[in-house]
Amino acid sequence: MADDTNRLLSTLKEYFGFDSFRPLQEDIIRDSLAGKDGFVLLPTGGGKSLCFQLPALLREGLTIVVSPLIALMKDQVDALQSAGVPATFLNSSLAKGEAAPRMRGLHNGEYKLLYVAPERLMLSGFLDDLKRWKVNAFAIDEAHCISEWGHDFRPEYRKLAQVRELFPNVPMMALTATATERVREDIVRQLHLRDAAIYVASFNRENLSYRVLAKARAYDQILDFLESCPADSGIIYAQSRRSTETLAAKLNADGVEAVSYHAGMNTADRSRNQEAFLRDEVRVVCATVAFGMGINKPNVRFVIHHDLPKNVESYYQETGRAGRDGLPSDCLLLFSPGDRVKYGRFIDEKPDAKEREIAHAQLEQMVHYAECSDCRRMVLLDYFGEQYAEDNCGGCDNCLSPRETFDGTVLAQKFLSCVFRIRQMSGFAVGITHVVEVLCGAETEKIRRWNHQSLSTYGIGSEHSRKDWAAIGRELVRLGLLRQDAEKFNTAEVTSEGMEVLKSRQPVTLTRPMAVPESARHRAGEIECDEELFQRLRNLRKRLADERGVPPYIIFSDVALRQMARQYPHTEGEFGRISGVGEKKRREFGEIFISEIVDYLGNHPRRQFSDETVKASPRLQRSLLTETVMASIGLFRAGSSPEDIARQRGLKVTTILGHLASGVDAGESIDLDRLLDPEARREIEASFGQHGFESLGKVFEALGGRYDYGLLRVFRSCKQRSDS
């Protein structure tokens, strides 16, 4: 067993430059080498590819990798070849004469991995070739494409079931980054996987922060965000082709290098723009959903959604293209309720009733994510059937700066009563928009036709805008007091819980609508390094990549460059200990990068860095001082306890404690003795001393859950501030 482990780790270091495996990778690789079928669900950036690449190096024969995208094939093969792995691909992008030498190499057994599209794989002549090439494994990447329940179904994937019949003894691995329980079961069934080892990692991308802004002058919001991170690159997703072109043109006019990408462009233009983004020649690509699946650029620092995605799975996959290297990255969604109405009309045009029902349900789940006041990370994980243990993720807008709640009992009763009265009078249900018009006393053709101006609820909500009432209606749906029937054009009905509220006047708590906050970015967890040296190393990487005709990340990731700019390696031995530096890259690039570092140190002092990750930047710290945070701090300083403040403001105690922690992070001072007695402080400090400041969860568990997460967060903020 020890020999096997040493063999795996030495291969991992030699070819891929890593000293240890990520979660689940080693178990998956051992099962593969044992000849077992496998289903692998790892999030984007979780290291799926290594699960079939490393076993391919350790056994005789050829591993076939089925991939739906040309860009992904070339990207992965370039990376493998740069690491010394014999790999190739066959697809339609090859010029005349390029395929023949690759075929000869395959016949001669020169390759360990072959990337191929499903259409080519299933050609009868190609299948005959496979039988002569000593195929030892099949890896089906983007396996969710085989399921009609998946978000990116591709009919050509269904034919892959024949592979099992033709190669019954060759193990098969299905891999994906996003699939619900239903899709997972469908993948295993469609591919005829036998006694498959099932590996499902956490969907939680801890390095990603999630924010939703109320869309208002969307271009200005995007430009403001980009100006806050002038060195970072990212993707802006828009719903229409025209929007991508307009956004790119405006950004270029404002000095931000940007290109567009959509299915309506010719192949040459799409490829050119994609390459410009991959090679860091432009900062931003403005794209429709046609862009991104399989794009392996690890240093995408942000993903912005200009428009609402069509479902949560698409949103998760698209945001997952940020931060593949594990460094902190941002996901920003601009949301307008009008997007929901617009997409709802598109869905209503679908001819198939079942398709309409599924699409409406998916849209409502996406709107719920955008409008909810709960932790966004928790909502995403819950969608995929995973529970999030902590009360506050510290990496989404709702946790960093929670919106206020208020007593909405009267408003809820007005809305529910109006829905009930309309149904009682007319004998049929109507949509939320019509209910809002009745509440506001509108004079529409439908109201006159159905005589709804005679209802007792007509005009009783004129003190609020239609926009406010529509938001209240959607929240009542989220609270389970109203139900919308997707098959009946989203008509609204009062649920049994809603009837109970009407009858017994139960209190209803509602959330304040989203406001447009300042542009701020959550960057905790960044690798602290010499930023000037990091930029010099980035320029060197770009020059070397251009000389070789590959994207910069093929040379080294941002993680590797940041470690170089932190550790200042000046011998090949030290350079070889940098994450991502394998034997081939050490030999090829070690002297060049070491020379650059030594030259830099000839004119600059060597900086010292703490063991802790970087705290939030001053700009972010200031942005945490929102009105709601300052209100809680003011009440605490005036003598109110967190419990008193929570009751007074209609918030949770944990939220108030989060406000106090945010205030300390931003430079405000509070009296910690009012929250913790000396014995509790000693106990908590000892636990942090043992487990570190990075995971509140570990400290919480070590203390047996005796202290609220919020209290632990306040203590951590105070302690880190006093140590700085």
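In S12, which residue is the bridge partner of tyrosine 237?

## Before we start

This is a predicted model, in which local features need pLDDT of at least 70 and side-chain atom pairs count only at pLDDT 80 or more, while totals for chains, interfaces and linings use all residues. Residues are numbered from 1 along each chain as its sequence is written, and side-chain values use heavy atoms, with hydrogens and water left out.

Helices (H or I, at least four residues) and strands (E, at least two) are DSSP runs, numbered from the N terminus. Two strands pair if DSSP finds at least two bridges between them.

## The seven-stranded sheet

Let's begin with an open sheet of seven strands, which pair in parallel in the order S3-S4-S2-S5-S6-S1-S7. Its edge strands are S3 (87–90) and S7 (197–200), each of which pairs on one side only. From one strand to the next, the twist averages 15°; angles here run from 0 to 180 degrees between N-to-C directions, and axes are lines fitted to C-alpha atoms, for helices over the stretch in contact.

S1 is joined to S7 by four bridges in the parallel sense, with leucine 41 opposite valine 200. Four bridges in the parallel sense also link S1 and S6, and here phenylalanine 39 faces alanine 174.

Elsewhere in the sheet, strand S2 (residues 62–66) runs parallel to strand S4 (residues 113–116), joined by four bridges. Isoleucine 64 stands opposite leucine 114 in S4. Helix H3 (residues 50–57) lies across S2, S4, S5 (135–140) and S6 (172–176), running at about 140° to S4.

## The nonpolar cores

In soluble globular proteins, nonpolar side chains tend to be buried together. A nonpolar core is a set of buried Ala, Val, Leu, Ile, Met, Phe, Trp, Tyr and Cys residues joined through side-chain atoms within 4.5 Å. The largest one in this model has 109 residues, and Ile64, Leu121, Leu130 and Phe138 touch the most other members. Not counting residues up to four places away in sequence, leucine 130 touches Ile64, Leu121, Val135, Phe138 and Phe167, where contact means heavy atoms within 4.5 Å. Another core, of 29 residues, lies apart from the largest one and includes Cys418, Ile432, Val435 and Val436.

## The six-stranded sheet

A second open sheet has six strands in the order S8-S13-S12-S9-S11-S10, again with parallel pairing. S8 (208–214) and S10 (258–261) stand at the edges with a single partner strand each, so one side of each is left without a neighbour in the sheet.

Now for the opening question: the bridge partner of tyrosine 237 in S12 is histidine 305. Five bridges join the parallel strands S9 (residues 233–237) and S12 (residues 300–305). Helix H10 (residues 218–227) packs on the sheet, touching S8, S9, S11 (284–287), S12 and S13 (329–335), and its direction makes about 170° with that of S13.

Lysine 215 sits in the loop between S8 and H10. With a relative accessible area of 24%, lysine 215 is partly exposed. Its contacts, leaving aside neighbours within four places in sequence, include His306, Asp307 and Phe335.

## A pair of helices

Helix H15 lies across S8 and S13, at about 110° to S13. H15 (residues 353–371) also packs against H16 (residues 376–383), at an angle of about 160° and with the axes 9 Å apart. The two helices are therefore roughly antiparallel (angles over 145 degrees; under 35 is roughly parallel, 65 to 115 roughly perpendicular and the rest oblique). Residues making the contact include Gln365 and Tyr369 of H15 and Val379 and Tyr383 of H16.

Key: Buried means under 20% relative accessible area, exposed over 50%, partly exposed in between (1.4 Å probe, protein chains only).
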